[in-house]
Amino acid sequence: MLSPYYKQFMKIRDVGEQGLLQRLQRFCPAQIVGDDAAVLSMKPGCELVVTTDMLVDGVHFSDRTTSPQDVGWRAAAANLSDLAAMGASPLGITVGLGVTGDTEVSWVEQVYQGMIECLGEYDTPIVGGDVVRSPVVTLSITAFGEVTPNRIIRRSAAKVGDAIVVTGVHGSSRAGLELLLHPELGQNLNESAKKALIKAHQRPKPRLDVLPILWDILDNYQLPITNYQLPIAGMDSSDGLADAIVQICRASGVGGVVTRSHIPLSDSLLNFVSAQQALNWALYGGEDFELVLCLPTEFAQILVNKLVEKAAIVGKITNEQDVHLIDSTGCYQNEILNLSRGFQHFD
């Protein structure tokens, strides 16, 4: 029998592919995994929604800032967030794992533990995947969801006059990363504020909770649907708030106006850095995983009232080509939001 000490530092090469797969199958429902592919049931009249996200060691996570459990949580949350942005309810995920022979088995198991901790909050199983040898640790997740055709949220549905809604605060994840990279910073913050910002980075919440509220508005307030097209445009803000708004406007062939003072920021963030730096992180920091939605103003206000905490109408859709950030106080110059200031993989 192997000693607990040896088990703790056992490498992938010590157990091999089949040994690793046996360990990882413990994180999956026994009635689904074990064959060449998973079979998922869908409700009648639903469309299948599929999204894939890849995380690479040194690009999306590192042991300086992210524990194995948090790597797993963030990987699962990113994919669930994409489903939420489409209006879809999750059915399950598959996991593609690339590891070196020197990767510790316990590290991999902890990653999977973090994934099921996140997925468990949304009754979503791991239904399969693959394991390969790789010179760098990678994690690729494909998530499957279902949605009825008249409730698909697309980026291209924004119309002139729509309100732009964000479902929560922005910039906190970027602040949390900064605190993890530079622990000496944040001396002006209490421990509670530090933990809140770090948690925003390490354990983001996919906003699947917004969907039932949207559907309630759709059913009870007679939100008009034309040609089976839901009059709501949206995407998540994982690449930054500015990126989300600009991407929606480009896909819809419209422009927008965003009022800087309307962008919701957490008190912890504002106590950490200047108001200007907080705004920059909110617009371009990324990885906040909130939803950005465009819909008729009267329904947008109902949505914000129902979401309550830090949700806000930050602007409106216009017939221009650009998205303008304006300052109602006159203290700052107006500017045009763009995609170049956010994270780009090949810049």
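Q: Is Glu 287 buried or partly exposed?
A: Glu 287 counts as partly exposed, because its relative accessible area is 24%. Keep in mind that this is a predicted model.

Q: What does Glu 287 form a salt bridge with?
A: Its partner is Arg 74, and the closest N and O atoms are 2.8 Å apart. The pair links distant parts of the chain, 213 residues apart: Glu 287 sits in the loop between helix 10 (275-284) and strand 8 (291-295), while Arg 74 belongs to helix 3.

Q: And Arg 74, buried or exposed?
A: Buried, since the relative accessibility of Arg 74 is 5%.

Q: How many salt bridges does the structure hold?
A: Eleven. Another of them joins the side chains of Arg 203 and Asp 70, at 2.7 Å from N to O. Arg 203 lies in the loop between helix 6 (191-202) and helix 7 (210-220) and Asp 70 lies in helix 3 (residues 68-85), so this pair ties together parts that are 133 residues apart in sequence.

Q: Which of those two is buried?
A: Asp 70, with a relative accessible area of 7%. Arg 203 is partly exposed at 22%.

Q: What about Arg 174, which residue does it form a salt bridge with?
A: Glu 178, with the closest N and O atoms 2.7 Å apart. Both residues are in helix 5 (residues 172-181), and they are separated by about one helical turn because they are four residues apart. Arg 174 is partly exposed at 24% relative accessibility, whereas Glu 178 is buried at 16%.

Q: OK, changing topic. How many helices and strands are there?
A: Eleven helices and eleven strands. The chain has 347 residues, and 52% of them are buried.

Q: Let's do the strands. Why is strand 7 described as largely enclosed?
A: Because five of the five residues of strand 7 (residues 255-259) are buried, the rest of the structure largely encloses it. Both faces are covered: Gly 255, Val 257 and Thr 259 are buried on one side, and Gly 256 and Val 258 are buried on the other.

Q: Why the two sets?
A: In a regular strand the side chains alternate between the two faces of the sheet.

Q: What does strand 7 pair with?
A: Strand 9 (residues 312-318) pairs with strand 7 in the antiparallel sense over four bridges. There, Val 257 stands opposite Lys 316. Strand 7 is also joined to strand 10 (residues 323-326) by four bridges, and those two run parallel. The bridge partner of Thr 259 in strand 10 is Ile 326.

Q: And helix 11, which of its residues are buried?
A: Phe 299, Ala 300, Ile 302, Leu 303, Val 304 and Leu 307 are buried in helix 11 (residues 297-307). Their cover includes strand 5 (163-166), helix 7, strand 8 and strand 9.

Q: What follows helix 11?
A: Val 308, and its phi is positive, near 65 degrees.

Q: Cysteines next. How many disulfides are there?
A: Zero, from a search of the whole structure.

Q: Last one, the surface. How much of it belongs to carbon and sulfur atoms?
A: The accessible surface of the chain is about 16,700 Å², and 50% of that belongs to carbon and sulfur atoms. Met 42, Leu 48 and Val 50 make a nonpolar surface patch of about 250 Å².

Q: Where does Val 50 lie?
A: In strand 1 (residues 47-56). Val 50 is partly exposed, with a relative accessible area of 48%.

Definitions and conventions:
Residues numbered from 1 in each chain as written. Predicted model: local features only at pLDDT ≥ 70, side-chain atom pairs only at ≥ 80, totals over all residues. Heavy atoms only, no water. Buried < 20%, exposed > 50% of the residue type's maximum accessible area, 1.4 Å probe, protein only. Areas by Shrake-Rupley, 256 points an atom, 1.4 Å probe, with all protein chains shown as cover. Patch = residues over 30% accessible without salt bridge, like charges linked within 9 Å, V, L, I, M, F, W, Y side chains within 5 Å. Salt bridge = Lys/Arg side-chain N within 4 Å of Asp/Glu carboxyl O. Pairing = 2+ DSSP bridges. Disulfide = S-S within 2.5 Å. Contact = heavy atoms within 4.5 Å.
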